[in-house]
Amino acid sequence: MSKSPIIEKTPLMEEYEESTGKLAIWKGEISKNFKKWKKKKKADEIKQMKEDILSQSRIEKKRMKKEFKEEKIAGKDYDHLIVVENLHKTYLLGTTAVAALRGVDLTIDNGDFIDIMGPSGSGKTTLLNLIGGLDTPTRGKIFLEGRNISMLSDNDLAEIRRERIGFVFQFYNLLPQMTAMENVMVPLHFSGKLSRRGKRKKAMDLLRLVGLDERAHHTPSELSGGEQQRVAIARAFANDPAICVLDEPTGDLDSKTGVMVLNLLRDLNQRGATFVAVSHDAAVSEFATRVFHMRDGKLTHEGKIRGLKETEIMQLTRKKETEINKEKCKSKIFQYLYTNQGKMEVPINDIKNSIPNSIVMNLPEHFNDILQELIEENNHFGRIEGDVLILN
Ligand SMILES: Nc1ncnc2c1ncn2[C@@H]1O[C@H](COP(=O)(O)OP(=O)(O)O)[C@@H](O)[C@H]1O
Ligand SMILES: [Mg+2]
C-alpha cells in the first residue's frame, strides 16, 4: 500500500500562514499562492540588499565629502609625493558587491620605482586607476603632492591626469593612424603651453630619450611591440608628470623585449622619474626599488627595500629563507626537466613559470645564475644560450 509523502511545514510556510491567513499546504500539496509569495519575498530581499549597499556608499561618500572640504585647503607642504590611506573600492556587480580593495596604505616618494605584484584579480589595476585619478575610491584617501584627490570632480581629476600623471598600459594604447611623433605630441596639444615647433622638438627629444628618434615617422603598425611600448613611455612623459603609472607594462611583450623596456624604465628612474607599476611578471620586480605584494585587495609585505637597515637577525632570517628557496628552486628545476624529458631546448621562462612565485621572488641570486650553478654541479648536462636551456 503506497502512501503519499507528507510534506513537512517549514518556518517559511509558517510565516506565510501567519501573515496571509492562508494555508501553505492544501490537500497534501504546496499551495500555488505560497510559491508565488515565496518568489516575491526573495525578489524583495534582493532589492533591499541592493538598496542597502547603495545607501551605505552614499552615506560614506557624504562623509568623505565633508572631510574633503576640510582638507581641501591643505597641500603645498607635503612629506610624500603620494600618500594612500585606508583605501577601499567596492564594485557593484548586479546584486553582489565586489570588494576589489580592502584597506590599502602606501606612500610613494620622488624617485621611487615601485612594483606591485599579485595574481590576476587581486586589485592591482583598481589601485593603479585610483592613484592615477581614473576612478574614485569607495572609502579612504589619496594625496598627490599634498592634495587630496580622492573626492575631486571629474573635471578636476581630468586636469590632474593631464598635468601630473603619465600612463602606460599593457597594450600601448597608441592611436593607430598617427605616427610615433604625433602620438607623443597628443598630451602636448592638451596642455597648450608650447608652440607648434616647440611641441615637435619636445616630442623628438622624448623619442630620442627612448631610443626611437629614427622611427619618429612610423605608425604603430610599422613598429614592434617593444617599440610601441617605448613610444607609449615617451608619450607618458610628454607633460612632465609627477609620477608615471604602468599597468602590466611588459604584459604583452616576450621576455627579452620586456627586459629591454624595463632597462629603459630603470634608466629613466635613475635620472629621477618616479614609477609605480603593477604586474604579475616577476621580472619587473628585479628593476624596481620597492616591491609590494597584493592579494585579495590588500597589500602584503614589501619584498625589497632600498635604504632600510635590516637588523642582523632580520638579515640572517632572510638569508636562511632565501637559501632554502634556492634549494627548493633547484629541485623544482629538476622536476620540470624530468617531466619534460626528450626536449632538447627548453625556454628558461617555461622552467621559471613552473616554479611557485613565492620561491622565484625570494631567491638569493638571479634565477639564471642558480640554473648555471645547477648545470655545473651536475656534469654540465646542458648550457644556457640567451633565454633557452640547451640540453646535451
Ligand atoms: N568595473 C568593475 N566592475 C566590477 N568588478 C570589477 C571591475 N573592475 C574590477 N572588478 C573586480 O575587482 C577585482 C579586482 O580587479 P582588478 O583590479 O582588475 O585586478 P588585477 O588588476 O589585479 O587583475 C576583481 O575581482 C574584478 O573582477
Ligand atoms: Mg589588471
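Biologist: Which residues of H3 are buried?
Modeller: This is a predicted model. A residue counts as buried if 20 or more other C-beta atoms lie within 10 Å of its own. In H3, the residues that pass are Lys-124, Thr-126, Leu-127, Leu-128, Leu-130 and Ile-131.

Biologist: Why is H3 largely enclosed by the rest of the structure?
Modeller: H3 has 8 residues. It is largely enclosed because the buried ones among them number 6 of the 8.

Biologist: Which strands does H3 lie across, and at about what angle does it run to S3?
Modeller: H3 lies across S3, S4 and strand S6 (139-144). Its direction relative to S3 is about 120°.

Biologist: Which residue with a positive phi follows H3?
Modeller: The phi there is near 70°. The residue is Gly-133.

Biologist: In what order do the 4 strands of the open sheet run, and which are the edge strands?
Modeller: The order is S4-S3-S6-S7, with antiparallel pairing. An edge strand pairs on one side only.

Biologist: Over how many bridges do S3 and S4 pair?
Modeller: One example is Thr-90, whose bridge partner in S4 is Ala-99. The sense of the S3 and S4 pairing is antiparallel. The count of bridges is 10.

Biologist: Which element gives the largest share of the shell around ligand 1?
Modeller: Strand S3 (82-93), strand S4 (96-108) and helix H3 (124-131) each supply at least two residues of that shell. The shell includes Tyr-91, Leu-93, Val-98 and Ala-100. Lys-124, Thr-125 and Thr-126 also surround the ligand. The largest share, 3 residues, comes from H3.

Biologist: How many residues of the shell around ligand 1 are nonpolar, polar and charged?
Modeller: Gly-118, Ser-120, Gly-121, Ser-122 and Gly-123 are among the residues around the ligand. Gly counts as polar here. By class, the shell has 4 nonpolar, 7 polar and 1 charged residues.

Biologist: What distance separates the centres of domain 2 and domain 3?
Modeller: The domain assignment gives domain 1 (1-73), domain 2 (74-304) and domain 3 (312-391). The centres are taken over C-alpha atoms. For domain 2 and domain 3, the separation is 32 Å.

Biologist: Which helices each supply at least two residues of the side of domain 2 that touches domain 3?
Modeller: The contact takes 5 residues from domain 2 and 5 residues from domain 3. On the domain 2 side, 1 is nonpolar, 3 are polar and 1 is charged. The helices are H8 (255-270) and H9 (282-287).

Notes. Residues are numbered from 1 along each chain as its sequence is written. Chains are lettered from A and ligands numbered from 1 in the order in which they are written. This is a predicted model: local features need pLDDT of at least 70, side-chain atom pairs count only at pLDDT 80 or more; totals for chains, interfaces and linings use all residues. A residue is near a molecule or strand if its C-beta atom, placed from the backbone, lies within 6 Å of it. Domain bounds come from an automatic or database domain assignment. Two residues are in contact if their C-beta atoms, placed from the backbone, lie within 7 Å. A residue is buried if 20 or more other C-beta atoms lie within 10 Å of its own, exposed if 12 or fewer, and partly exposed in between; C-beta atoms are placed from the backbone. Two strands pair if DSSP finds at least two bridges between them. Axes are lines fitted to C-alpha atoms, for helices over the stretch in contact, and angles run from 0 to 180 degrees between N-to-C directions.
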